[in-house]
Amino acid sequence: MSRTAEIRATARHDRQAAEAMLAALIHDLFGLAVRDLAINLDRYSLNSLNGFFESDRGPCFFKFHQEEGEEAMRGEYYRADLLAEAGLPVDRPMLVSQMPGEQILIYRRRSDPRFSDLLRGLDLAPDPAGIARALAAEAELNDRLMAVAQATLHPITPAQSQAEPIHRLFHERLVDPGSRHYPGGRLASFYIGKTFGLPGLSLPWEMLGHSRIAINGQLYHRTLAELFDAAHARLVPGRLADAGGITAHGDAHNANVWCEQGAEADRLVLFDPAFAGSHVPSLLAEVKPTFHNILAHPLWLYDPEEIAGRYRVTARLEDGILWLQSDWQPGILREGLLEVKARRFWAPWLAHLKARDLLPQDWEEVLRLALFLCPTLVMSLRADPAQAPDSGPHSPESSALGLMAAVMAGSRPLTGKDRLTEFFDRIHP
């Protein structure tokens, strides 16, 4: 096990011991005398750790992302300079370790809020003026993302695509490191052979994965198992070279975005470019922000403990169909963010790819499958029906909502429209 993996595992049950281990790692890597290191209890740190410490170089903020099998992987990581040189607003760390298994960023400590925290406050207490400022800042960032994507778009080879670390967020989580066995990786450890607790229902994966799913009365084309199989086949890193490559952050969910608050307007600044690259497959680059900044909210992914008291969620299995029903709604803020993402990035970007003859015919399939993998493999959506102490954060209600969000992202309904079909219709070139 790598040192970062050991620290992250230890932090789950002994934060004080993990802090001591992390202080020693930072000293070993950078020669810093670390004082008063504290790991944040952070709802957004699903695969990472962050926090603060004091040093002779002043107050510092640390962040690292850690994946299973990372110590055996190769690639270039944490390329903030690459993003800055391309014209993206990015906070450059003052110290970086890029060694697999010991990758960590050290920043000067900021007083700015993360955009994720600001938006959560607006979810819970909507304020029209605050929402307008947030949407304006999001629009300005997407204009920058679009400009850089257009300026850096170029044909890439399958080998160039495969070398990009962004695939560790998608296809690499479907297979075992090294052997490439499928189903493996997180798919196998999260779901295969497991039992799921849903509201009033307990289902083994073998039944859940192969059941047709109806969401709020609409039956969907593909099962969970079919969606995973399709993602394994289509999101192979080499195959994604067909839409060209760009310079991109790749993991700019809003917990990796500072919000610099000005007198008249706010400015968004990216950080933690663990998966940045110059040949990032162009259809994959903005998938994580699209899901995690919009479709994962409000509450169900990052605050599952709050779902049961706020929303009504039901589940029943009947004639091989899993019927999921809920009164959950995304809210005005997240709908506004989805509209901004559609209008300021996805619609013009797909049109640009088409004009450059770099848009594959199955572009919607690629986007849908990548969106589907965001919630299903960032953490387990399974609620343990026995509610064991180490079973993870999901309740039966939030698990059902997660499955609903994943299926809606990955598959069109058999008839009619839903929120995601309307999104894809808006961005169709």
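Strand E14 (313-318) and strand E15 (residues 321-326) run antiparallel and are joined by six bridges; strands, of at least two residues, and helices, of at least four, are DSSP runs numbered from the N terminus. Across this pairing, Arg316 stands opposite Trp323 in E15. The model is a predicted one, in which local features need pLDDT of at least 70 and side-chain atom pairs count only at pLDDT 80 or more, while totals for chains, interfaces and linings use all residues. Residues are numbered from 1 along each chain as its sequence is written, and side-chain values use heavy atoms, with hydrogens and water left out.

**The two sheets**

E14 and E15 belong to an open sheet of four strands with mixed pairing, in the order E9-E8-E15-E14; two strands pair if DSSP finds at least two bridges between them. Its edge strands are E9 (218-219) and E14, each of which pairs on one side only. Helix H13 (residues 396-410) lies across strand E8 (212-215), E14 and E15, and runs at about 105° to E15. Angles run from 0 to 180 degrees between N-to-C directions, with axes fitted to C-alpha atoms, for helices over the stretch in contact.

A five-stranded open sheet has antiparallel pairing and the order E1-E2-E3-E5-E4. Strands E1 (35-39) and E4 (95-97) stand at its edges with a single partner strand each, so one side of each is left without a neighbour in the sheet. From one strand to the next, the twist averages 20°. E4 is joined by three bridges to the antiparallel strand E5 (residues 104-108), where Ile106 is the bridge partner of Leu95. Helix H1 (residues 3-11) lies across E1, strand E2 (48-55) and strand E3 (58-65), at about 95° to E2. Helix H2 (residues 15-30) also packs on this sheet, touching E1, E2, E3, E4 and E5, and its direction makes about 120° with that of E1. Contact here means heavy atoms within 4.5 Å.

**Packing of H9 and H12**

Helix H9 (residues 224-234) packs against helix H12 (residues 363-378) at an angle of about 115°, with the axes 10 Å apart. The contact involves Leu224, Leu227, Phe228, Ala230, Ala231 and Arg234 of H9, and Glu365, Val366, Leu369, Phe372, Leu373, Thr376 and Leu377 of H12.

**Aromatic pairs**

The model contains 19 aromatic pairs. Rings of Phe, Tyr and Trp (its six-membered ring) pair if their centres lie within 6.5 Å; planes under 30 degrees apart count as stacked, over 60 as edge-to-face and the rest as tilted.

| Pair | Centre distance | Plane angle | Class |
|---|---|---|---|
| Tyr191 and Trp205 | 5.6 Å | 25° | stacked |
| Tyr191 and Phe228 | 6.0 Å | 35° | tilted |

Tyr191 lies in the loop between helix H7 (185-190) and strand E6 (195-198), and Trp205 in helix H8 (residues 205-208), 14 residues apart. Phe228 in helix H9 is 37 residues from Tyr191. Tyr191 counts as buried at 2% relative accessibility, as does Trp205 at 6%; Phe228 is buried with a relative accessible area of 3%. Buried means under 20% relative accessible area, exposed over 50%, and partly exposed in between (1.4 Å probe, protein chains only). One aromatic cluster is formed by Phe190, Tyr191, Phe196, Trp205, Phe228 and Phe372.
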